[in-house]
Amino acid sequence: MVQCLVAKPAPASDPEPALIGDSIYVGNKYHVADVALLRRLGVTGVLNCASGGIRSLPLDEYEESGIQYAFTNVAQDAHDYPILHGRSGFRSDHLDAAYTFYKGAVAKGGKALFFCVAGQNRSATLAIAVLLLKGQS
């Protein structure tokens with residue numbers, strides 16, 4: 001039952017990313033390709049939470065629009081992958097990178113958009129964890 005609800009392909013007609021808290025959006029590869037949408041939402045930072053580069057990102061347009069881009073390089077989308085904590089049990093490099101990126105975007109008065117291919121697993125996990133670190137549950 002639960003397996004059928006997660007890890008679905010990215011919907012091609014999802015009009016906007018989801019706002020989590022007051023300053024993190026969670027989106028997919030289609031959302032981050034739409035720079036006009038990002039500007040309209042007040043996004044000043046885009047964090048790639050996928051396992052590598054997504055093809056055809058408009059990095060030049062990000063730069064022209066003042067949108068910072070970074071990535072966490074989460075290698076797998078598996079339940080046992082240590083996205084939030086390292087194998088030692090301490091906070092993972094992925095979570096540290098996401099939290100630092102988020103704080104930078106908010107410090108500049110903007111919002112961050114965390115994304116992965118479908119915007120359902122890696123990006124949402126890191127966004128919720130960042131808000132918990134921030135103290136917003």
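Author: Start with a definition. A nonpolar core is a set of buried Ala, Val, Leu, Ile, Met, Phe, Trp, Tyr and Cys residues joined through side-chain atoms within 4.5 Å. Buried means under 20% relative accessible area, exposed means over 50%, and partly exposed lies in between (1.4 Å probe, protein chains only). Now the ground rules. This is a predicted model, in which local features need pLDDT of at least 70 and side-chain atom pairs count only at pLDDT 80 or more, while totals for chains, interfaces and linings use all residues. Residues are numbered from 1 along each chain as its sequence is written, and side-chain values use heavy atoms, with hydrogens and water left out.

Reader: Which secondary structure elements does the chain have?

Author: Helices (H or I, at least four residues) and strands (E, at least two) are DSSP runs, numbered from the N terminus. Here there are four helices and five strands. From the N terminus on, their order is β-β-α-β-α-β-α-β-α.

Reader: In what order do the strands form the sheet?

Author: The general idea comes before the case. Strands of a sheet pair through backbone hydrogen bonds, either parallel or antiparallel. Two strands pair if DSSP finds at least two bridges between them. In this model, five strands form an open sheet, in the order S1-S2-S5-S3-S4, with mixed pairing. S1 and strand S4 (68-71) stand at the edges with a single partner strand each, so one side of each has no neighbour in the sheet. From one strand to the next, the twist averages 25°.

Reader: In what sense do S3 and S5 pair?

Author: Strand S3 (residues 43-48) and S5 pair in the parallel sense, over five bridges. Val43 stands opposite Lys111 in S5.

Reader: Which strands does H3 touch?

Author: Contact means heavy atoms within 4.5 Å. Axes are lines fitted to C-alpha atoms, for helices over the stretch in contact, and angles run from 0 to 180 degrees between N-to-C directions. H3 packs on the sheet and touches S2, S3, S4 and S5. The direction of H3 makes about 150° with that of S5. H4 packs on the sheet too, touching S1, S2 and S5. The direction of H4 makes about 165° with that of S2.

Reader: Back to the core. How many residues has the largest nonpolar core?

Author: It has 17 residues, and those with the most contacts inside it are Ile24, Tyr102, Phe114 and Val130. The elements that give two or more residues to this core are S2, helix H3 (93-107), strand S5 (111-115) and H4. H3 gives the most, with six residues. A second, separate core has 13 residues, including Tyr25, Leu41, Leu57 and Tyr62.

Reader: What is Ile24 in contact with?

Author: Leave aside neighbours within four places in sequence. The contacts of Ile24 then include Ala18, Leu19, Tyr102, Phe114 and Val130. For the whole chain, buried residues make up 41% of the 137 residues.

Reader: How many salt bridges are there?

Author: A salt bridge is a side-chain nitrogen of Lys or Arg within 4 Å of a carboxyl oxygen of Asp or Glu. The count comes to two salt bridges. One joins the side chains of Arg40 and Glu16 (2.5 Å, N to O). Arg40 lies in helix H1 (residues 35-41) and Glu16 in the segment before strand S1 (18-20), so the pair ties together parts 24 residues apart in sequence. Arg40 is exposed, at 55% relative accessibility. Glu16 is partly exposed, at 33%.

Reader: Where do Asp22 and Lys134 lie?

Author: Their side chains meet in a salt bridge (3.8 Å, N to O). Asp22 lies in the loop between S1 and strand S2 (24-27) and Lys134 in helix H4 (residues 122-134), so this pair ties together parts 112 residues apart in sequence.

Reader: How is a pair of aromatic rings described?

Author: By the distance of the centres and the angle of the planes. Rings of Phe, Tyr and Trp (its six-membered ring) pair if their centres lie within 6.5 Å; planes under 30 degrees apart count as stacked, over 60 as edge-to-face and the rest as tilted. The count here is one aromatic pair. Tyr62 and Tyr69 form it, 6.2 Å centre to centre with 35° between the planes, so it counts as tilted. Tyr62 is buried, with a relative accessible area of 1%. Tyr69 is partly exposed, at 25%.
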